[in-house]
Amino acid sequence: MIRVRIAAIIFCATAVVALGAPPRKAPIHKKLVQDGSFTLTGQWTVTSKAINGATYSRMGNTLGFPVRNMVFAVDGDLRTGEVLREDEGPNVIPLGDWRVEGNYLSAAFELWCPDTSVACGSVVMRGNFSDSDTINGTMAVFFETPDPTTPTGLDTWIFSFHGVRQTTSGGGQ
Amino acid sequence: MIRRHLASIRRGTSRELRSQTVIAALICSFSLLSQAPNAFAKASFVGTWQVTLTFPDAPGSTTNHTEVITMNVSPRGDSLVGRMVITDDQGNTFGGVWRQVGKKISVTFELPCVAGAAAPCGTIVLLGKAKPAVGKLVGQKLIVMWDNPDTSNPSLFRTSNGTFKGVLISQ
């Protein structure tokens, strides 16, 4: 009888503690799970064009519209990207990272800026796979030039892109 | 004559002593400078930093989310941009890229997210100053570009602003 009472007390105490514990706050984001449907891995040729004729940002900055060869790779937990800017020189390789969820892609790069008198910035590439070897979307450039009219306070410029996969192997860096 | 000779010897000795003192001082200064702390060296971002990020937990939210990440910033060699490995406080490991001009640094990375989750995902851009001499990373701007489309935003996606600061762990 005593053992039953002790067991009941322990059970009740455990239940009280478990029910009274504050709920675990859901994390804002969880471990990345790469969807197996599409992948950016490989080399892509990416062309770009202006949106609504906007060839410059509001503050006069631009990247122009060169054809970009991009290489995306997976290196363990890292998803690496690089832009082969042969038009600028053999050693000019802006670097980035990427993720894919379903047919949605996002990649972020730091611009290569040898001339410190020219505005530099970061580029975020967002788009979708129309098939496994074709991507379309927009790129947003956040130039490090103040623009108080934008929500971020940075001069922002967008353009559209179209990418076609050239190879499935990605060297990465 | 002997006095003049002695005086001459004393002057010569003094000059010699002064010269030796100056040379010794120069050698000593050079030695100290060569082992000088980072204050005399370029403010390199390379190293391990513990960085606290604070930004809204969702687009338009007034509730802030704070997380601590560890950035292992790799050398960039001759490149103008470099890579880093980031570990967050939930044990996720992912990559980031960085650029530095003087003390100014720019970092960008994709948030680690689970496919199909209700929680929004996004991209982070950090602008700040690296001050390794005093062990600090001074945050000037944190931008979250969420995955939520917004045609009224110049980036075509919803954005939020936040803050960050960092402490140098090792270099």
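This briefing walks through the two chains, the contact between them, and a few residues that deserve a look.

The model is predicted, so local features need pLDDT of at least 70 and side-chain atom pairs count only at pLDDT 80 or more, while totals for chains, interfaces and linings use all residues. Residues are numbered from 1 along each chain as its sequence is written, chains are lettered from A and ligands numbered from 1 in the order in which they are written, and side-chain values use heavy atoms, with hydrogens and water left out.

**The two chains**

- Chain A has 1 helix and 8 strands; helices (H or I, at least four residues) and strands (E, at least two) are DSSP runs, numbered from the N terminus.
- Along its sequence, chain A reads α-β-β-β-β-β-β-β-β.
- Chain B also comes to 1 helix and 8 strands, in the order α-β-β-β-β-β-β-β-β.
- In chain A, 46% of the 173 residues count as buried; in chain B, 40% of the 171 residues do. Here buried means under 20% relative accessible area, exposed over 50%, and partly exposed in between (1.4 Å probe, protein chains only).
- Of the contacts in chain A with a separation of 6 or more, 52% are between residues 24 or more positions apart; for chain B the figure is 42%. Contact means heavy atoms within 4.5 Å.
- Chain A exposes about 8900 Å², with carbon and sulfur atoms supplying 60% of it. Chain B exposes about 9200 Å², with carbon and sulfur atoms supplying 57%. These areas come from the Shrake-Rupley method with a 1.4 Å probe; for residues, only the protein chains shown count as cover.

**Strand pairing in chain B**

- Strand 6 (residues 122-131) and strand 7 of chain B run antiparallel and are joined by 10 bridges; two strands pair if DSSP finds at least two bridges between them.
- Gly128(B) has Gly139(B) in strand 7 as its bridge partner.
- Strands 6 and 7 of chain B form a hairpin with 4 residues between them, and Gly135(B) in the turn has a positive phi of about 70°.
- Strand 7 of chain B also runs antiparallel to strand 8 of chain B, with 8 bridges joining them. Val144(B) is partnered there by Ser160(B) in strand 8.

**Where the chains meet**

- The contact takes 47 residues from chain A and 51 residues from chain B.
- About 4000 Å² is buried between chain A and chain B, 61% of it on carbon and sulfur atoms. Buried area is the accessible area (1.4 Å probe) that two parts lose on being put together, summed over both.
- Between the chains there are 23 residue pairs in polar contact (both at pLDDT 80 or more). A polar contact is a pair of N or O atoms within 3.5 Å; within protein, one must be able to donate a hydrogen and the other to accept it, and residues adjacent in sequence count only if both atoms are side-chain atoms.
- Ser106(B), in strand 5 (residues 104-110) of chain B, is buried at a relative accessible area of 1%. Its side chain makes a polar contact with the side chain of Ser122(A) (3.5 Å).
- Beyond its neighbours within four places in sequence, Ser106(B) is in contact with residues including Glu110(A), Glu144(A), Trp98(B) and Leu126(B).

**Salt bridges**

- Over all chains the count is 8 salt bridges, and 5 salt bridges lie between chain A and chain B. A salt bridge is a side-chain nitrogen of Lys or Arg within 4 Å of a carboxyl oxygen of Asp or Glu.
- Asp147(B) and Arg99(A) meet in a salt bridge (2.7 Å, N to O). Asp147(B) is buried, with a relative accessible area of 16%, and Arg99(A) is buried at 1%.
- Arg99(A) and Asp147(B) belong to a network of salt bridges with Glu101(A), Arg126(A) and Glu110(B).
- Glu144(A) forms a salt bridge with Arg99(B), the closest N and O atoms being 2.7 Å apart. This pair crosses from strand 7 of chain A to strand 4 (residues 93-101) of chain B. Glu144(A) is partly exposed at 33%, whereas Arg99(B) is buried at 4%.

**Positive phi outside glycine**

- Asn52(A) has a positive phi of about 55° and sits in the loop between strand 1 (42-50) and strand 2 (68-75) of chain A. Asn52(A) is exposed, with a relative accessible area of 79%.
- Leu156(B) has a phi near 75°, in the loop between strand 7 (136-149) and strand 8 (157-170) of chain B. Leu156(B) is partly exposed, at 23% relative accessible area.
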